[in-house]
Amino acid sequence: MGEKKKKIVKTIKVDLDKCNGCRACEVVCSAFHAAPKYSSNNPARSRIRVIHEPLKDVYVPVYAGEYAKAECMGRDKYVIDGKEYDEGSFCRASCPSRDLFKEPDSALPLECDMCEDDPPQKEPLCVQWCLNDALTYEEREEEVEEEVKQEDVEVGLQSMVDKYGLEKIIDTVARMSHKG
Ligand code: SF4
Ligand code: SF4
């Protein structure tokens with residue numbers, strides 16, 4: 001068991017009744033995380049996706065969550081307004097079973113970082129850009145177990161190792177360092 005410590009818990013509340021599927025949140029998220037910042041936008045690179053399949057009369061903004069290296073055994077199934085959605089439609093994980101929440105060029109996993117970047121934002125960008133107030137940002141202090149969070153680079157490397165195998169990654173790095 002880890003030690004308890006105070007932590008600011010950040011939440012984005014999603015009000016489905018207010019979302020009209022405009023996808024401004026996807027545009028600004030991908031632009032904010034582009035390199036350099038705001039140099040491009042591509043919803044496929046966004047860490048929030050507005051899911052509207054298979055029934056197009058409700059829009060569900062879903063935030064990219066943790067990377068999962070294997071397809072999970074369990075499945076979520078949602079019923080909204082009496083309409084049943086496909087299994088896993090609103091799952092937050094970046095996992096091998098689908099392309100959602102993966103950087104399209106590199107296939108590296110994407111995860112919402114609450115826009116904790118430079119310059120600091122008063123609120124996450126998707127919340128600021130949602131003109132319909134479907135997204136509301138909240139903060140509260142909680143006592144939590146201290147956890148060791150994986151660095152972004154570690155998560156990225158892990159996904160490459162899962163995809164290509166450790167040996168191939170080591171060979172490639174060795175080859176690259178010879179070139180350098
Ligand atoms: S910006 Fe707001 S209303 Fe538009 S798709 Fe995103 S959550 Fe929905
Ligand atoms: S909080 Fe920031 S990183 Fe997360 S989905 Fe919204 S814009 Fe993207």
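A cavity here is a set of grid points where a 1.4 Å probe fits but cannot get out, and its lining residues have an atom within 4 Å of a point. Keep this in mind while touring the model, which is predicted.

**Stop 1: the second largest cavity**

Select I12, C29, H33, R47, I48, Y63, C112, D113, M114, C115, P124 and C126: these residues line the second largest cavity. The space inside comes to about 70 Å³. By class, the lining has 9 nonpolar, 1 polar and 2 charged residues. Now show ligand 2, which sits in this second largest cavity. The shell of residues surrounding ligand 2 includes C29, C112, C115 and C126. That shell divides into 9 nonpolar, 1 polar and 2 charged residues.

**Stop 2: the largest cavity**

How many cavities of 30 Å³ or more does a search of the whole structure find? There are 2. Move to the largest cavity, which holds about 90 Å³ of space. Its lining has 13 residues, and those nearest the centre are C19, C22, C25, C130 and A134. The classes in this lining are 9 nonpolar, 3 polar and 1 charged.

Ligand 1 takes up the space of the largest cavity. Select the residues around ligand 1: C19, N20, G21, C22, R23, A24, C25, V50, P61, C130, N132 and L135. Of this shell, 8 residues are nonpolar, 3 polar and 1 charged.

**Stop 3: helix α1**

Next, select residues 24–32, helix α1. Why is α1 described as largely enclosed by the rest of the structure? The reason is that 8 of its 9 residues are buried, meaning that each has under 20% relative accessible area.

Within α1, pick S30. S30 is buried, because its relative accessible area is 3%, below the 20% cut-off. Leaving aside residues up to four places away in sequence, S30 touches S40, N41, N42, P43, R45 and S46.

**Stop 4: an open pocket**

Finally, select C72, R75, G88, C91 and S97, the residues nearest the centre of the second largest pocket. In total, 14 residues line this pocket, and its volume is about 230 Å³. The lining divides into 6 nonpolar, 3 polar and 5 charged residues.

Key:
Residues numbered from 1 in each chain as written. Chains lettered and ligands numbered in written order. Predicted model: local features only at pLDDT ≥ 70, side-chain atom pairs only at ≥ 80, totals over all residues. Heavy atoms only, no water. Near = heavy atom within 4 Å. 1 Å grid on protein atoms, 1.4 Å probe; cavity = no way out; pocket = protein on both sides within 12 Å on 5 of 7 lines; lining within 4 Å. Sits in = over half its atoms within 2 Å of the grid points. Nonpolar A, V, L, I, M, F, W, Y, C, P; charged D, E, K, R; others polar. Points joined across faces, edges and corners; volume = space filled by probe spheres on them. Buried < 20%, exposed > 50% of the residue type's maximum accessible area, 1.4 Å probe, protein only. Helix = DSSP H or I, 4+ residues; strand = E, 2+ residues; numbered from the N terminus. Contact = heavy atoms within 4.5 Å.
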